[in-house]
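Trainee: I would like to learn how to read the packing, charge pairs and helix faces of a model. Could you walk me through one?

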Amino acid sequence: MALTAESHRGIAREGSLFSASAPWSTQLLPVQDTTAANRRRSRTKFTEDQLKILINAFNQKPYPSYATKQRLALEINTEESRIQIWFQNRRARHRFQKRSEPEEHLESSQDEDHPEEKIQSRGDRRCRTSYTSSQLHTLIEAFMNNPYPGIDSRQQLAIEIGVPESRIQIWFQNRRSRCHVQRKREPDEALEQRQDQGQDL
DNA sequence: CCGCTAACATAATCAAACC
DNA sequence: GGTTTGATTATGTTAGCGG
């Protein structure tokens, strides 16, 4: 019963960019990891009313400010992070659709022109979170233990250091990405790896 | 089984805090 | 002014659910 064809699919995209250069795990992405610690957040099911409000807001402004996202979160009784994810997914979906149907659609001052409202566009974002050294210590320790924590682990960390779970998730994302970049360009004293291909661009 | 889409990933980039 | 690093984005993948 040597591995079905389906499971092979998961490993198919192995040799793409970084291959197996992850120092934190001997294996690849933690896909199909049904462990409790790596479980995803349960899928949110928006009601029609919620969707109506979200879509309406999206049509007016696909790049809402943080304040707007907070207001929406309060209005439809959902976490702000879900609003953010929803807008991300919606924009991606929309963009793909545009390619297929680039019909005339330029919005010609139909709405969103409230003179009383300043057009901050992408002005105000969430205030930058500053972590204390002890919080950082906890995060780094958790990262070394598991760089891909599931919702349960993230929530536990959030309570432990007193930071919203969404910030924990962002922190792990940034941390992982940074580690990848570090591996990419580090011709320094890391190791005598100047003997590699010597092919840079 | 399949389409839709929330959840999640990386990489690039913006930008605040800090020196 | 440069570095560090949190926040946001585009883009692509994984997975849950209803038809």
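Mentor: Gladly. Contact here means heavy atoms within 4.5 Å. Keep in mind that this is a predicted model.

Trainee: Then which residues is L72 in contact with, leaving aside its neighbours within four places in sequence?

Mentor: L72 is in contact with I53, A57, N77, I83 and F87.

Trainee: What is the largest nonpolar core made of?

Mentor: A nonpolar core is a set of buried residues such as Leu, Ile and Phe, joined through side-chain atoms within 4.5 Å. The largest one has ten residues: F46, L54, A57, F58, L72, A73, I76, I83, W86 and F87. The elements giving two or more residues to this core are α2 (48–60), α3 (66–76) and α4 (80–100). A second, separate core has nine residues, among them F143, L157, I161 and I168.

Trainee: Let me pick one core member. Where does I83 lie, and what does it touch beyond four places in sequence?

Mentor: I83 lies in helix α4 and is buried, with a relative accessible area of 0%. Beyond residues up to four places away in sequence, I83 touches L54, K69, L72, A73 and I76.

Trainee: Now the charges. How many salt bridges does the structure hold?

Mentor: The general idea first: side chains of opposite charge can pair when their charged atoms come close. The structure holds six salt bridges. One of them joins the side chains of R39 and D152, at 3.5 Å from N to O. R39 lies in the loop between α1 (5–12) and α2, and D152 in helix α6 (residues 151–161), so this pair ties together parts that are 113 residues apart in sequence. R39 is partly exposed, at 44% relative accessibility, and D152 is also partly exposed, with a relative accessible area of 32%.

Trainee: Which residue forms a salt bridge with E165, and how far apart are the closest N and O atoms?

Mentor: E165 forms one with R41, the closest N and O atoms being 2.6 Å apart. Because E165 lies in helix α7 and R41 in the loop between α1 and α2, the pair ties together parts that are 124 residues apart in sequence. Both E165 and R41 are buried. The side chain of E165 also meets that of R154 in a salt bridge, at 2.6 Å from N to O. Here helix α7 is tied to helix α6, the two residues being eleven apart in sequence. R154 is buried, as E165 is. Together, R41, E79, R154 and E165 are linked in a network of salt bridges.

Trainee: What about R167: which side chain of opposite charge is nearest?

Mentor: That is E80, 4.9 Å away. A salt bridge needs the nitrogen and oxygen within 4 Å, and R167 is buried yet has none. R167 sits in helix α7 (residues 165–184). Leaving aside neighbours within four places in sequence, R167 is in contact with R126, T129 and Y131.

Trainee: Last, helix faces. Which residues of α5 are buried?

Mentor: An α-helix has 3.6 residues a turn, so residues three or four places apart point the same way. In α5, the buried residues are Q135, T138, L139 and F143. They cover an arc of only 135 degrees around the axis, which puts them on the same side of α5. The face turned away from that buried side carries the exposed residues S133, M144 and N145.

Note on methods. Residues are numbered from 1 along each chain as its sequence is written. Chains are lettered from A and ligands numbered from 1 in the order in which they are written. This is a predicted model: local features need pLDDT of at least 70, side-chain atom pairs count only at pLDDT 80 or more; totals for chains, interfaces and linings use all residues. Side-chain values use heavy atoms; hydrogens and water are left out. Buried means under 20% relative accessible area, exposed over 50%, partly exposed in between (1.4 Å probe, protein chains only). Helices (H or I, at least four residues) and strands (E, at least two) are DSSP runs, numbered from the N terminus. Lys and Arg count as positive and Asp and Glu as negative; His and the chain ends are not counted. The arc is that of the directions from the helix axis to the C-beta atoms.
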